[in-house]
Amino acid sequence: MKGVAMKARAGRVSARLERHERAPIAASGGYGFRRDRRLGARIVRALDSLPHGFCLFDAGDCLVFANAGYRRIFGQTEGQARPGMHARTLIALNTARGLKAERDPARIWAERRRILARRDPETVLQTLSDGRQLALTLQPQPDGGWVALYEDVTERRRTEALLRHRADHDPLTGLPNRSLFETRLDRAAAGPGGCALLCIDLDGFKPVNDVYGHAAGDALLRQVAERLREGLGDRDTASRLGGDEFALLLDDAPLATVLDSAHRIHRRLTEPYDIGADRPVLIGAAIGIACAPVHAAQGQILVTQADAAMYQAKRLGHPCLWDASLRLGSAPAS
C-alpha cells in the first residue's frame, strides 16, 4: 500500500510539472502581459526599466504592450497607450497633443507601413515639435507583428554636432579652419560658376599683442572674424588659417565685383577696434586675390597665387592686389 501511494503522489507531481511547462510565460491581459505569472511580471519590469521606449504590435498593427519608457518619452499616463489600440490611433494621439513635427498622422502611418512592408529592421530619425530627436527602430517579427523602439538621441546628436564643429572650426573665432576651408575651396574652384579667393594678412597685430596682452589680441581676432562674416552669402566662407592670417572664399562671385568687395573688406578691417584698452586700436591688412578659372581651377594653386599676391601687397604697401595675369613670383601689373 505504501508503494502504491508513493507512485500516485509522484504521478500527481509529474502532471503538475507538465501543466506548468505547457503554460505560457505571458498571456494577454489588461497591461498587455498578465502580471500573475512570475516570469511574465519580471519581463514587464525589465522592459519598464529600459531607458528607451518599447512598443509591441500584433499582426493587425494593434498594440500589445507599451513600456514606461514610451510613456515617458511622449508624456503619457499609464492608461493612454492601451493594449488593443491601433498604431494609427497612437500616432494620432501624439499628433493631436502637438508632439509630432509632421502634422499629418496619415502620412506618418503610411511611411511606417512602407518601412514595415520591406520586412527588414530599419531606423529612422524623428524630430518632435519641441526639438527632441528620436531614433525610431522598426523591427518586423516572424508572426507578422512588429516592435517599435524609441531612443531619445537629442543630447547625443548635439554632442556629435559639437565635436564635428570643433574638428572643423577655429576654437577662438568660430570660423572654419584651414581643413574645412580647403575642402570648400576645392569644391568651388571645380564648379561651373568660378570663385574668388582672398588671402588676408593683418598688419600691426603683433604690437597689439605685445602692448595690451594676449587677451586683447584674442579680442581683436574675434572682432576681425565678425567683420569678415558681414555680408557673406550662403555659399561664401570666411576662415582663420592660423595666427593673424585669414581667408575669404566668394563662391560664384562675378569677376567684375571681386576687387570692389576686397576694397570694402579692407576698409572695414582697418576701422578702429575696441578691445578694452585705454583707446581704440588700429591695424592694417594686406589682401591678395586669385580667381577661378582665371588663375587656376584647383584650390591649392589658387592659394599659392593668392598668397603671392598678398605678400606682394605687403611689400608694396597696397591694400589689395589682383591681376588676371598674376603668376607666382611676379608682381601684378599696377
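Helices (H or I, at least four residues) and strands (E, at least two) are DSSP runs, numbered from the N terminus. The model is a predicted one, in which local features need pLDDT of at least 70 and side-chain atom pairs count only at pLDDT 80 or more, while totals for chains, interfaces and linings use all residues. Residues are numbered from 1 along each chain as its sequence is written, and side-chain values use heavy atoms, with hydrogens and water left out.

**Exercise 1. Overall composition**

Task: State how many helices and strands the chain has, and what share of its residues is buried.

Solution: 
- Step 1. The chain has 11 helices and 10 strands.
- Step 2. Buried means under 20% relative accessible area, exposed over 50%, and partly exposed in between (1.4 Å probe, protein chains only). Of the 334 residues in the chain, 40% are buried.
- Step 3. Contact means heavy atoms within 4.5 Å. Among the chain's contacts with a separation of 6 or more, 52% join residues 24 or more positions apart.

**Exercise 2. Backbone exceptions**

Task: Locate Asp61, Asp252 and Pro293, and describe the backbone at each.

Solution: 
- Step 1. Most residues other than glycine have a negative phi, and most peptide bonds are trans.
- Step 2. Asp61 is in the loop between β1 (53–57) and β2 (63–66). Its phi is near 65°, a positive value in a residue other than glycine. Asp61 is buried, at a relative accessible area of 11%.
- Step 3. Asp252 is in the loop between β8 (245–251) and α10 (255–269). Although not a glycine, Asp252 has a positive phi of about 60°. With a relative accessible area of 41%, Asp252 is partly exposed.
- Step 4. Pro293 belongs to the loop between β9 (284–292) and α11. The peptide bond from Ala292 to Pro293 is cis, with omega near 5°.

**Exercise 3. The pair α4 and α5**

Task: Describe how α4 and α5 cross and which residues meet.

Solution: 
- Step 1. Axes are lines fitted to C-alpha atoms, for helices over the stretch in contact, and angles run from 0 to 180 degrees between N-to-C directions. The axes of α4 (residues 87–96) and α5 (residues 105–117) come within 9 Å and cross at roughly 135°.
- Step 2. That angle makes α4 oblique to α5, given that angles under 35 degrees count as roughly parallel, over 145 as roughly antiparallel, 65 to 115 as roughly perpendicular and the rest as oblique.
- Step 3. The crossing of α4 with α5 is right-handed; a crossing is left-handed if the near helix is turned anticlockwise from the far one by less than a right angle, and right-handed if clockwise.
- Step 4. From α4, Ala87, Arg88, Ile91, Ala92 and Thr95 meet Pro105, Ile108, Trp109 and Arg112 of α5. By class, the contact of α4 with α5 has six nonpolar, one polar and two charged residues. Here Ala, Val, Leu, Ile, Met, Phe, Trp, Tyr, Cys and Pro count as nonpolar, Asp, Glu, Lys and Arg as charged, and the others, Gly among them, as polar.
- Step 5. Ile108, placed in α5, is buried at a relative accessible area of 8%. Ile108 and Ala92 are 16 residues apart in sequence and 9.2 Å apart in space, C-alpha to C-alpha.

**Exercise 4. The pair α7 and α11**

Task: Describe the packing of α7 against α11, then the surroundings of Val303.

Solution: 
- Step 1. The axes of α7 (residues 178–190) and α11 come within 8 Å and cross at roughly 105°, which means that α7 is roughly perpendicular to α11.
- Step 2. Glu182, Leu185, Asp186 and Ala189 of α7 make the contact with Gly299, Gln300, Leu302 and Val303 of α11. The residues of this contact divide into four nonpolar, two polar and two charged.
- Step 3. Val303 lies in α11 (residues 299–316) and is buried, with a relative accessible area of 11%.
- Step 4. Apart from neighbours within four places in sequence, Val303 is in contact with Leu185, Leu197 and Cys199. Val303 and Leu197 are 106 residues apart in sequence, yet 7.4 Å apart in space, C-alpha to C-alpha.

**Exercise 5. Cysteines**

Solution: 
- Step 1. Cys195 counts as buried because its relative accessibility is 1%. Cys199, at 3% relative accessibility, also counts as buried.
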